[in-house]
Amino acid sequence: MPEMRKDPIRDEWVIIATDQGLKPRDFPINKQGVQIAGSQATCPFCEGNEAMTTPEIAAYRDECTRPNHPGWLVRTVSNKFSPFKLQGDFHLDRSGLYTSHNGLGQHEVVIETPLHGLQMHQFSLDNLELVYRMLRDRYCALAADHRVKYIQIYKNRGLFAGASIEHSHSQVLALPMLPLLHRGIGEYYYRQGRCLLCDIIDQEQRDGVRIVYENPSYLIFCPYASRFSYETWIVPKKHQEHFGFLSDEEIADLASAIHTFLPVLVESLGDPSYNLVINSSPVNLPGVAGYHSFLEINPRLMVQNGMEMSCGYFINPVAPEYAAEALRQSLQDRSVVAAG
Ligand SMILES: [Zn+2]
Ligand SMILES: [Zn+2]
């Protein structure tokens with residue numbers, strides 16, 4: 001039975017897939033080099049290979065086509081290898097010093113395109129809009145289950161970001177409890193009675209030095225204490241607690257911001273691995289206030305080192321002010337080329 005176990009020293013939860021075990025040489029990083037498995041013939045996410053995934057949960061597809069068959073544009077299935085299942089109730093187990101809980105939750109994969117080689121920075125605006133509509137709709141569907149308390153959406157692109165399949169996809173993880181991240185948001189709201197991120201937007205707009213791009217609904221900037229080199233946040237300017245509350249128009253503005261910015265980031269950094277994360281308010285929990293949904297793109301240009309593993313202090317060799325200036329310049333150069 002899959003479970004989450006608590007490390008009593010660090011007070012952190014760890015997901016343990018107790019019903020599957022990789023052998024020592026099954027891991028993708030080995031002494032021969034690095035690789036991500038999957039060619040078009042064997043890729044479970046390619047159009048035509050629908051039988052290789054779990055049954056379809058949702059899809060945008062041509063009207064005359066059937067579920068679990070070709071003809072889709074964006075497709076959601078459950079993660080075949082996830083320890084999480086949305087079955088039964090949440091329960092804690094204690095054994096001496098150790099605490100665990102059952103793997104209650106839901107882990108879904110959103111396959112973002114039927115085409116194997118196409119990556120998100122190459123998507124059309126329409127494709128991006130469909131991806132973010134699907135992610136919003138899955139967020140809302142999972143939030144309707146009262147056992148779900150937090151929904152984390154994330155994308156792993158490239159081996160150093162944790163991707164195990166090359167075909168472009170995002171993941172939606174619905175959890176029965178809150179991760180301990182973002183404590184500052186709640187503490188600030190408790191002290192000041194205001195949204196921290198709304199105030200950060202004000203300060204960033206006043207300072208100006210870390211802003212990369214702006215459209216009517218979104219601000220893109222490199223955060224003051226960036227953990228990763230060229231880390232970038234995409235923040236809705238209007239206070240918005242839940243990613244699931246975004247209207248179709250706001251999704252279109254988000255897709256437009258990503259369509260403009262992501263190719264610049266990817267090309268500037270030489271096609272790096274990256275994680276794209278969507279943060280949002282907890283769901284089905286009363287008394288949680290002050291959250292402001294936002295996206296972060298974290299390029300994985302360096303492998304996590306001993307300091308980060310032990311102290312939790314990230315070391316970033318690129319100041320966010322410099323990163324923002326370089327990205328602004330790349331955006332400008334690209335728009336000059338496009339206009340020319
Ligand atoms: Zn594929
Ligand atoms: Zn806010």
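Biologist: What should I know before reading the model?

Modeller: The model is predicted, so local features need pLDDT of at least 70 and side-chain atom pairs count only at pLDDT 80 or more, while totals for chains, interfaces and linings use all residues. Residues are numbered from 1 along each chain as its sequence is written, and chains are lettered from A and ligands numbered from 1 in the order in which they are written.

Biologist: How is the span of helix α4 read?

Modeller: Helices (H or I, at least four residues) and strands (E, at least two) are DSSP runs, numbered from the N terminus. The expected span of a helix is 1.5 Å times one less than its number of residues. For the 21 residues of α4 (248-268) that gives 30 Å, and the end C-alpha atoms are 30 Å apart, in agreement.

Biologist: Where is the kink in α4?

Modeller: A bend is the angle between axes fitted to the seven residues ending at a residue and the seven starting there. In α4 a kink of about 30 degrees lies at Phe261, shortly before Pro263.

Biologist: Which residues of α4 are buried?

Modeller: Buried means 20 or more other C-beta atoms within 10 Å of the residue's own, exposed means 12 or fewer, and partly exposed is in between, with C-beta atoms placed from the backbone. The buried residues of α4 include Ile251, Leu254, Phe261 and Leu265.

Biologist: What do the buried residues of α4 pack against?

Modeller: Contact requires C-beta atoms, placed from the backbone, within 7 Å. Among the partners are α1 (125-143), β14 (232-236) and α6 (320-339).

Biologist: What is the strand order of the open sheet?

Modeller: Strands pair if DSSP finds at least two bridges between them. The ten strands run β5-β6-β9-β11-β10-β15-β16-β14-β13-β12, with antiparallel pairing. β5 (56-61) and β12 are at the edges with a single partner strand each, so one side of each has no neighbour in the sheet. Within the sheet, β13 and β14 pair over four bridges in the antiparallel sense, and Ile220 stands opposite Ile234 in β14.

Note on methods: Two residues are in contact if their C-beta atoms, placed from the backbone, lie within 7 Å.
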